[in-house]
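Subject: Structure handover

Hello,

Please find the structure below. My notes on it follow, with cut-offs given where a term first comes up.

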Amino acid sequence: MANIIIRKPGNFGKTRSEQEQNLRKEWGPTLSDEHLDKIKFIEKRAKEAVGSDRNFIGAIDADKIK
Amino acid sequence: MFAKGRRGTDGYLEYNDPIRFMGPVQFSNPWRKPLFVDAVSGADGASGFSPAAAKKTIQAGVTAGARGDAIYIRPQLYTLGTGFARYTEDVIVPLLTNDLSIIGVTNTLNPEFGVRWKPSGNTTPLTVNAPGLHLENIGFFSEVAYRMIKLENDGNATKVGSCGFTMFNCAVKGNTIQIDSGDGVRLRKVYFHAMYDGSLTGGIIGVTTGGSALRRLTIEDCFFFGGNGVAAATAFITLTGGTITETAITRCNFGAVPQSGKYILNTNVTGGILSNSFFGKAALSRTADLTLSGMIMAGCFDGSGAFVA
């Protein structure tokens, strides 16, 4: 049996990391694994700080995390 | 805070002090949506909301986009006998499409060999009128004497492309990024190359328009090189015009000195710093090879390994 996934506009992922993981299944990566990890960390902190689970973080900001 | 690389009890790797990075994070835009562009399999009549329904051109993706959207671009195919195909179009990001992200998919994360973008003719491939545009993983290529990217600002709040523009892991080959008056442009890990014969200098030109100022331009971890064994024709960074303040150039690498004799030609910059950068010329002269105006220079080295004071 095949699973059919119907996506609404904007349903590709609520965060950059979700979108990245979905995109890797379709076309390929836009982030290195290290940047993806850092972005997940920022997303986690952002959710703790403001309660939102929707945000978009550019690699330019993740790149600054050491 | 935890040291780098330590995995916390919740399974996430912990990094040092992320709080200072919270500022640039874009929160809580429930209307933000991703869009997709695929020159090979896409169609401009498609919705663009999924990889299977991707747009064909970058302009169609920008036009379909709204404030805060992210546009993912698929690289084109390699053509046997021809080489890497490029998106060949001139895109305008209009004023009200602010905070857009245009991101290239690239398996190698090398911007030269992922999404490649060139002008359609003697034109500029990317003109930005909206604030806050973010570019990632794009390789711009030009062999014409038109700016590669123009961040336009007319000083009348109808073109504000030079405010908040950011660029990461991109390549700019052949011509320059022009930055009009504005604020907060950040270029990080961008690779600038002149055209193969050096005649077009890959680099940055900042000008002031409408009597306004160019402030807080940050250029970090970037590379500036000439052509194929040929020095670039003119300075890699040229900042001229009216009020240009608080420019930061840090941790950059510059190859051979351009044929014009100057690596950096900043004729009216007040404040700002050039730091921790490397210049390929041995015995670099701070006055002959650089024009910094009011910028402080610190922690830089030249091709002989000498510290440049």
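I start with the core. The largest nonpolar core has 61 residues, and B:Met167 and B:Leu187 touch the most other members of it. A nonpolar core here is a set of buried Ala, Val, Leu, Ile, Met, Phe, Trp, Tyr and Cys residues joined through side-chain atoms within 4.5 Å. Buried means under 20% relative accessible area, exposed over 50%, and partly exposed in between, with a 1.4 Å probe and protein chains only. Strand E19 (residues 186-194) of chain B gives the most to this core, with 4 residues. Helices (H or I, at least four residues) and strands (E, at least two) are DSSP runs, numbered from the N terminus.

The model is predicted: local features need pLDDT of at least 70, side-chain atom pairs count only at pLDDT 80 or more, and totals for chains, interfaces and linings use all residues. Residues are numbered from 1 along each chain as its sequence is written, chains are lettered from A and ligands numbered from 1 in the order in which they are written, and side-chain values use heavy atoms, with hydrogens and water left out.

Contact means heavy atoms within 4.5 Å. Apart from neighbours within four places in sequence, the contacts of B:Met167 include A:Ile60 in the other chain, and B:Phe140, B:Leu187 and B:Val190 in its own.

Chain B has 1 helix and 34 strands. Of its 309 residues, 53% are buried. Among its contacts with a separation of 6 or more, 65% are between residues 24 or more positions apart. The chain exposes about 12,100 Å², of which carbon and sulfur atoms supply 55%; the areas come from the Shrake-Rupley method with a 1.4 Å probe, and for residues only the protein chains shown count as cover.

On strand pairing, two strands pair if DSSP finds at least two bridges between them. In chain B, 8 strands form an open parallel sheet in the order E9-E12-E15-E17-E20-E24-E28-E31. Its edge strands, E9 (91-93) and E31 (290-291), each pair on one side only. Within the sheet, E24 (residues 237-239) and E28 (residues 264-266) run parallel and are joined by 3 bridges, with B:Ile264 as the bridge partner of B:Ile237.

Strand E14 (residues 138-141) of chain B is joined to the parallel strand E11 (residues 115-118) by 3 bridges, and B:Val115 stands opposite B:Ile138. E14(B) also pairs with E16 (residues 166-174) in the parallel sense over 3 bridges, where B:Gly139 stands opposite B:Ala171. B:Ile138 and B:Phe140 point one way from E14(B), B:Gly139 and B:Phe141 the other, and all are buried.

There are 0 disulfides over all chains, a disulfide being a pair of cysteine sulfur atoms within 2.5 Å. For B:Cys170, the nearest cysteine sulfur is that of B:Cys222, 9.9 Å away. The sulfur of B:Cys300 is too far for a bond, because the closest cysteine sulfur, in B:Cys252, is 9.4 Å from it. Both B:Cys170 and B:Cys300 are buried, at 0% relative accessibility.

In chain A, helix H2 (residues 33-50) has 18 residues and reaches 26 Å from its first C-alpha to its last, close to the 26 Å expected; the expected span is 1.5 Å times one less than the number of residues. Its buried residues include A:Leu36, A:Ile39 and A:Glu43. Just after H2(A), A:Gly51 takes a positive phi of about 80 degrees. A:Thr15, in the segment before helix H1 (16-26), is buried with a relative accessible area of 6%. Its contacts beyond four places in sequence are A:Glu43, A:Asp53, A:Arg54 and A:Asn55.

Regards
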